[in-house]
Each structure stands twice: as C-alpha cells, then as structure tokens.
Amino acid sequence: MPQLPDRPDLAQLRRQARELHRAAAGGDAAAQWRVRQVSEKTTLSTAQLAIAREYGFPSWPKLKDEVLRAERRGVPADGDRQGAPDFLTADADELIDGQYADRPQLRPILDAVLALLPAFGPATVQARKTIVSLVSPRRTFAVVRATTKDRVDLGLRLDGAEPGGRLQSAKGIGGGGATVRIALRRPEDVDDEARGLIMRAYEENTAPAPPRRPARRPGAVAGTMTVVIEGSELPGRSCGPEPDGPGHENVHVALGGRSEDRISLTMSNKPGMAIEPVPGDAPAARWEMPVTVRRDDDGFDFAGPYVRGVRDDRHLGLIWGDLASDGTLQVFRGAKLRLVDVDPGLIEQALQPCTTLVARIRLTDARGNPICARVHPPYLTWSAAAD
C-alpha cells in the first residue's frame, strides 16, 4: 500500500484520480481493475475512492481532510505538481473536476488552455459549476465551457471582433463578457492561432480602461417625427438552426422598446418587451412609433421609448423569437434599423407636419432566414412620405 507523502498535495491527488478515471474509461485493464476494487461503476467519484483506499483511507473526504490538516499544520504542499498552474486554487480544481466528470476526454483541452497562462502575465482562474473564467488583473478576458460531450467552447472578450473563420458567435457561453468563441474538440486545436487570440484578449483586458469622456449634454429638441416600419417577404414560421443550436419553430417578429398601452410579449431570455408581434408567415408587418429628434453640433440625435443604442449607433430594433406555449418569446436574433444612417435631409422632411419617415425592410436574408444584425440596402430603404 502506498504511503501518503510527507508533504501531501491535494491538487496532485485530484490529478491522480482524474488520470485513473480517464484510463479506466478508455479501457486500460490495470486502471479498470483498480476502480473495480471499490465499485463496478467507472466514474470520477469511484476513481477518487480507489485512490483514497490505496492510501489507506476509507473515503475520499477522509483523505482530503487529512491533507488539509497537514496544510494547516504548516506542512508545505510543494511536491511535484507536474506543471499544475499555481493560480488554480483547490476550490477551483474541485469545481472543474465536477464539470468534466462525465466527459474526461475533454479535460486535456482545458489543461492546454490553462498551460498558456504563465506566459501571459498575472492571471487567476475562477470556476463555477459549469464554466471556468480566466481573469487578468483588470477583468475576465476568457471563459472555457465544456458545452457538449465532444466540444469545449473558448469564449474571448475581444473588442471589435466579428464572427468569421474560427471565430463564432459567443451565444450560449454566458458570463465574462465574451464577444466571440472558438470551438475546441482536441488539445491540438489550442494552436498558434488560438494562442494569439487568447493573448490578444489578455492584453486588451489588462490595459487600463480609456478615460471616460465627459457626459454629452442633450441637444435642443427639434421636434417629434413619426416613423413607420413596413416589413415584407417574411421568412415563415420555421427556420434553420443557429451554429451548433436547435432549429426554430413558431417564429414571430416584434418591435423592441417600452410601451404600456400596446400589445406586447414578455421575452423569456432577455429584458424588455416585444411589441406587436407578427407571425413569421404573415404576408406583411407594420409598426408605427414616435421618435424625438434633437439637434446638436454633431447633427441629429434621436430618443424615445423605441430608440436603442449609444449616440453614434441610435437605432430601432426588430426582435425574432419562438413564441412558446406559455405566451413568452424566446429570442434568438435581432435586426438593427440605424437612424444615424438616415439622410439628414429625410429627417428634415419627416419633421414637417403631415410627413412620415418610412423604413421599408425585406425580412428574409439571402439564405432564406430571418434578417438580422445591421440591415443595409437593398434590404432596407428610407423615405419621407406625406400622410
């Protein structure tokens, strides 16, 4: 029977249990024999129990308690950590064990990501039940999630990065402010390109934040204009899936905003209201709303309960979602109609009495799916029309 080292290391013991679990799950006869000394099941818990029994302890918690007592007595836990990162705390290590307990073949992918951190600079690893966050001295710059049984998603906080190539939408990652993600299916996917992107995320989120600009004083109100959105060529009630996601049924489109007197739906996965929803197979859609127009040194600005975005991205938003049986809308994408892109001459006309600013939008994209993101001509045209 092996003896517990004079300087026990809980992280090392956990690593032994993970390696035993992986080997047994992979068919290694010797590893399977060791696990079956305590159970017919091949799980991380039974591998931990096998390790504990081999060191003469009746259970894993008893072994863990003994190691923690040794640490409290001042015994240094400086044994051979086989490259384990110093920033991975015992609590984080235990939570990560739970994340990968039913998918041990994916743990080497996370380990390959964590192995990069010492070269970047100061960083810490924080773990929750389903996600691992990589944190620079300033804020979280990446998150790692075992999303499926054969894929780990690496979410990166990269300002200005758009999906394309290996970079995919960060939808589904959750937390950490990730803007894009990379799908990793084996440790070799953590290659030079991935390392470069992780380094870029670290550097962007370690640098001091730019100084805040003084608050802009609102311009003088020039008037209120009526905006009408006329939607045509709707895509239908169903559409193809998002990347690595489910398809969509009972699709509806609605206007985003705030209103107490218009028909609206609650969104189950986002704050706000989906106003005047229209079925995806309707022949047409129409929404009308007031927009306050202000004028300052930089030109026109826009405000009101239906206007979204910062000063240089003021827009009206359409929301696509699946209408659930409980009457809520499960949002899966949205479309921007940017007021800041409208010709100022049209705004001047729309401010005149009995004149309306009309946005005509084709609601199906070139692939036959609901139009989304920032909408450009020829899918969107603006005009001023007399009432």
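This is a predicted model: local features need pLDDT of at least 70, side-chain atom pairs count only at pLDDT 80 or more; totals for chains, interfaces and linings use all residues.

Student: How many residues of helix α3 are buried?

Tutor: Helix α3 covers residues 44-54. A residue counts as buried under 20% relative accessible area. Among those that qualify are L44, Q48 and I51. Of the eleven residues in α3, the number buried is eight.

Student: Why is strand β14 described as largely enclosed by the rest of the structure?

Tutor: Strand β14 spans residues 315-323, nine in total. It is largely enclosed because the number of its residues that are buried is eight.

Student: How many bridges join β14 to strand β15?

Tutor: The two strands pair in the antiparallel sense, and H315 stands opposite R338 in β15. They form a hairpin with five residues between them, where G327 has a positive phi of about 85°. The number of bridges between β14 and β15 is nine.

Student: What is the bridge partner of R308 in β14?

Tutor: Start from strand β13, residues 307-308, which is joined to β14 by two bridges and runs antiparallel to it. Their hairpin has six residues between the strands, and G309 takes a positive phi near 90°. Across from R308, the partner in β14 is H315.

Student: Which residue of β14 is the bridge partner of H252?

Tutor: Strand β8, residues 251-257, is joined to β14 by five bridges, and the two run antiparallel. For H252, the partner in β14 is G321.

Key
Residues are numbered from 1 along each chain as its sequence is written. Side-chain values use heavy atoms; hydrogens and water are left out. Buried means under 20% relative accessible area, exposed over 50%, partly exposed in between (1.4 Å probe, protein chains only). Helices (H or I, at least four residues) and strands (E, at least two) are DSSP runs, numbered from the N terminus. Two strands pair if DSSP finds at least two bridges between them.
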